[in-house]
Amino acid sequence: MSVGKNARTAAIVLAAGSGKRMGSSIKKQYMLIKERPIIYYALKTFQESFVDEIVLVVSPGDFAYCKKEIVEKYRFNKVKNIVEGGKERYHSVAIGLKCIPDCDFIFIHDGARPMITEEILERALSCVKEHHACVVGMPVKDTIKIADEAGKIVSTPNRNLVWMVQTPQVFESTLIKEAYDKLISNEERLLKEGIAITDDAMVVETLTGHHVKLTPGSYENIKITTPEDILIAENFLNG
């Protein structure tokens, strides 16, 4: 595998969420920040970066809209495939992985994180070249409590060891494809065992046993989840 300067990279950008917590009839990825849809910002960063190609995963029924109003309108010519996602996030990632031919590293990014920067992508690439599996995140600022189902505190982890995980999450192509193949093959068993897969790092950790390295992202690399996040992102974009 080539891991030098000319390593080939691809990105899966996920825009298949429903955005129920936004309280809007408009899917959050199409809501506007500074007169541009949220998904525009992540795609723009990948478009202008070293990444060679992009797979955009959209909600069922949104293919034509995204092709015309996002990809063609803003001339995102690195988007080589637009595909409709599945029921859960991990289904959408699995579908996206099937569209990527041979490459060295795959970036998986939530389109609802508009503040991604090329500097973050560069750090992630350096990290994945060394560790094969890399997750962007930041150390938490607050004390974290672990609670039981009744809301009683069970433990207080060392704050210096707790990170907020972000995206992109980046992996060697063969590693992430192997992990997702195993996930889909064992999905029913994992669900019966109550194992909830919440991010790509967990897929790699659970299905391959490979360790995943954390690398700094940015406190500005927020995920748009609730209406106030729109205001925060606007402030960041205003500098």
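Strand β1, residues 9-15, is mostly covered in this predicted model: seven of its seven residues are buried. The burial concerns both faces of the strand. On one side are Thr9, Ala11, Val13 and Ala15, and on the other are Ala10, Ile12 and Leu14, all of them buried.

Let us look at the partners of β1. With β6, residues 105-110, strand β1 runs parallel, and six bridges join the two. Ala10 has Ile106 as its bridge partner in β6, and Ile12 stands opposite Ile108 of that strand. With strand β4, residues 53-58, β1 also pairs in the parallel sense over six bridges. Here the bridge partner of Ile12 is Val55.

Which strands make up the open sheet, and in what order? There are seven, in the order β5-β4-β1-β6-β10-β7-β11, and the pairing is mixed. The edge strands are β5, residues 79-84, and β11, each of which pairs on one side only. Direction ignored, neighbouring strands of this sheet are turned by 25 degrees against each other on average.

Two helices that pack on this sheet deserve mention. Helix α3, residues 89-98, touches β1, β4, β5, β6 and β10, and its direction makes about 145 degrees with that of β1. Helix α7 packs on the sheet as well, touching β6, β7 and β10; the direction of α7 makes about 65 degrees with that of β10.

I turn now to β10 itself, which spans residues 163-172. This strand is mostly covered, with seven of its ten residues buried. Strand β10 pairs with β6 in the antiparallel sense over four bridges, and Phe107 has Val170 as its bridge partner in β10. Strand β7, residues 133-139, also pairs with β10 in the antiparallel sense, over six bridges. In that pairing, Gly137 stands opposite Val165 of β10.

At one edge of the sheet is β11, residues 213-216, where Thr215 is found. Is Thr215 buried or exposed? Its relative accessible area is 8%, so Thr215 is buried, the limit being under 20%. Leaving aside neighbours within four places in sequence, the contacts of Thr215 are Arg123, Ala124, Cys127, Cys134, Val135, Val136, Gly137 and Trp163.

Helix α1 is largely enclosed by the rest of the structure, because nine of its ten residues are buried. The buried residues are Ile38, Ile39, Tyr40, Tyr41, Ala42, Leu43, Thr45, Phe46 and Gln47.

Let me continue with a pair of helices. In general, two packed helices are described by the angle between their axes and the distance between the axes. The axes of α5, residues 173-185, and α7, residues 200-208, come within 9 Å and cross at roughly 75 degrees. That makes α5 roughly perpendicular to α7. From α5, the residues involved are Leu175, Ile176, Glu178, Ala179, Tyr180, Lys182 and Leu183; from α7, they are Asp200, Val203, Val204, Leu207 and Thr208.

I close with a residue in a loop. Ala150 lies between β8, residues 146-147, and β9, residues 153-155. Its relative accessibility is 61%, so Ala150 counts as exposed, for which the limit is over 50%. Ala150 and Glu188 are 38 residues apart in sequence, and their C-alpha atoms are 29 Å apart in space.

Notes
Residues numbered from 1 in each chain as written. Predicted model: local features only at pLDDT ≥ 70, side-chain atom pairs only at ≥ 80, totals over all residues. Heavy atoms only, no water. Axes fitted to C-alpha atoms, helices over the stretch in contact; angles between N-to-C directions. Parallel < 35°, antiparallel > 145°, perpendicular 65-115°, else oblique. Contact = heavy atoms within 4.5 Å. Buried < 20%, exposed > 50% of the residue type's maximum accessible area, 1.4 Å probe, protein only. Pairing = 2+ DSSP bridges.
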